[in-house]
Amino acid sequence: MTKPSLPDLLHAAVTAVGGVERPGQVTMATAVADAVDDSSHLLVQAGTGTGKSLGYLVPALAHGERVVIATATLALQRQLVERDLPRTVDALHPLLRRRPQFAMLKGRSNYLCLHRLHEGAPQDEDEGLFDQFESAAPTSKLGQDLLRMRDWADETETGDRDDLTPGVSDKAWGQVSVSSRECLGATKCAYGAECFAEMARERAKLSDVVVTNHALLAIDAIEGAPVLPQHEVLIVDEAHELVSRVTGVATGELTPGQVNRAVRRSAKLVNEKVADQLQTASEGFERVMELALPGRLEEVPEDLGYALMALRDAAREVISALGSTRDKSVQDEDAVRKQAVAMLETVHGVAERITNGSEWDVVWYERHDRFGASLRVAPLSVSGLLREKLFTDRSVVLTSATLKLGGDFNGVGASLGLSPEGTGGEDVPQWKGLDVGSPFDYPKQGILYVARHLATPGREGSRGDMMDELAELVEAAGGRTLGLFSSMRAAQAAAEELRGRLENPILLQGEETLGELIKSFAADPKTCLFGTLSLWQGVDVPGPSCQLVVMDRIPFPRPDDPLMSARQKAVEEGGGNGFMAVAATHAALLMAQGAGRLVRATGDRGVVAVLDPRLANARYGSYLRASLPDFWYTTDRNQARRSLAAIDAAAQADGK
């Protein structure tokens, strides 16, 4: 039998999901198939509406070898496993003459732990295991959630937290889940044969397609203990998020509270002398942290260095001593010891990492109003790690609606450890960049308006002229506004100001769950939604409810961000342009994502308004504008208002 052609397979899949074939999707699918066949690497930018999920799923399923797909957001993971993959597999089955299997795989703490559920969770007071169902009042929210999860445990097939609806708080979930370090291991655990996390891993081993997230992909790469099954092809969707997710996994943190918990967890399991040593080291660390001022530590201060060495050595002593002591009063000692070891290993690991003082690490203090001071350490760059761990022994396809910044893929490529496209020798991964465009006619569907006449935003202080401009734009648009702000303080100030000036309802991030806010925003065209970072990427509201997207300023990283400023400085010391490589790239990525909220369907019309004159006036403005969709560009405030009023009138005439 002849092998079915890629166009035939794609046509069958698109028909099955009720979609329309797009030229960009066909181009993308062909390029993905070529990369997979050649074992090469591809960066592909596919704009909103291209149908990029099918653009990579069809060639991946046709290839026949195991494929891992890593996404950044839960929403896309669910969409792939619950909608796109089942339909695509059904559509391709008659043509491929096989039915590819697929599975979802997440980190262990995302699955219900039956041992924790039935045997209880360690508590601080006497360090045995306590029955969390008895200790939480049945009338409390926590008690009700725990009882609901106990019932759910009997009926769920996956034990996956995201299958529990309605969801529960992190605190409640923490009572019935464990991290990989706390897990007893399937062979030692009384519930190992029924373990949800182990079953998920087994399903993944037997599947042709494994859908996971960026964090688990990072853990798999960094920790050297394979979590994902062997695979020949890796597809990274929402790839613009990968570097920040990998950085997050590679970041260590120490707080006095965390160290105190480790002390309490282990105190009953070791002799008094060893326990006292850790207690003393903990108190010394706490004293140093009381005086900590936020900011980067170019060198570790002497007092902190001594405190960390004491903590490192004491934690190591306790870990060594844990193996030999048995306390008859401690119930289910294996589970208690395992959790104590997990906590101590984290304390020891971070203390040792900072004490060793690698030139490739950035160390800083943070201070939080509620939680106090924390000490953090993160890699200066993850590009070397990604180049070494990601691009060897498999074909990698990275895709997103925003990978091409300032006109090429080299900025994103560099952050992934890739040399400029078309260069490199034997040890340097070869890759190709491809922009398959978008089905939308951006110059006709949208306007990019830059308020060139406004004052340049300062670091702090009110922006009266910006508030006036924002109010006039919202009024002209008849509501229908998504306000994207560079800080929560700015979003709150704008919401407060406009609630006093306009009759339009103004929703503010944080006053309700994000899902509820987006639902309310989509339901009423007169409504506005204001917020910060998660709105820049997480809002998908096609139609007349979102016809004006406002950015209050270019979202550069804060000048006092220790990690970003350290990365910028490192580029400059290497002879590069640190501002363009770090700050401008960061801003371009966010602005491209933010501007992408406007046009989500072929009938959408509207304006993206940037209330920061630097986008028009500064030298880097052209680089940032080249990273945005190709909207019609103007700095004429009257033109922007007239266009918004016309779009509002047309929507009202259509009864929307």
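**View 1. Arg480 and Asp648 form a salt bridge in this predicted model.** The closest N and O atoms of Arg480 and Asp648 are 3.0 Å apart, a salt bridge being a side-chain nitrogen of Lys or Arg within 4 Å of a carboxyl oxygen of Asp or Glu. The pair links distant parts of the chain, with Arg480 in the loop between helix H19 (464-477) and strand E15 (481-484) and Asp648 in helix H27 (residues 637-653), 168 residues apart; helices (H or I, at least four residues) and strands (E, at least two) are DSSP runs, numbered from the N terminus. Both Arg480 and Asp648 are buried, where buried means under 20% relative accessible area, exposed over 50% and partly exposed in between (1.4 Å probe, protein chains only). Residues are numbered from 1 along each chain as its sequence is written. Local features need pLDDT of at least 70 and side-chain atom pairs count only at pLDDT 80 or more, while totals for chains, interfaces and linings use all residues, and side-chain values use heavy atoms, with hydrogens and water left out.

**View 2. Lys106 and Asp162 meet in a salt bridge.** Their side chains come to 2.5 Å, N to O. Lys106 lies in the loop between strand E3 (102-104) and helix H5 (114-119) and Asp162 in the loop between helix H7 (141-155) and helix H8 (170-174), so the pair ties together parts 56 residues apart in sequence. Lys106 is buried, at a relative accessible area of 5%.
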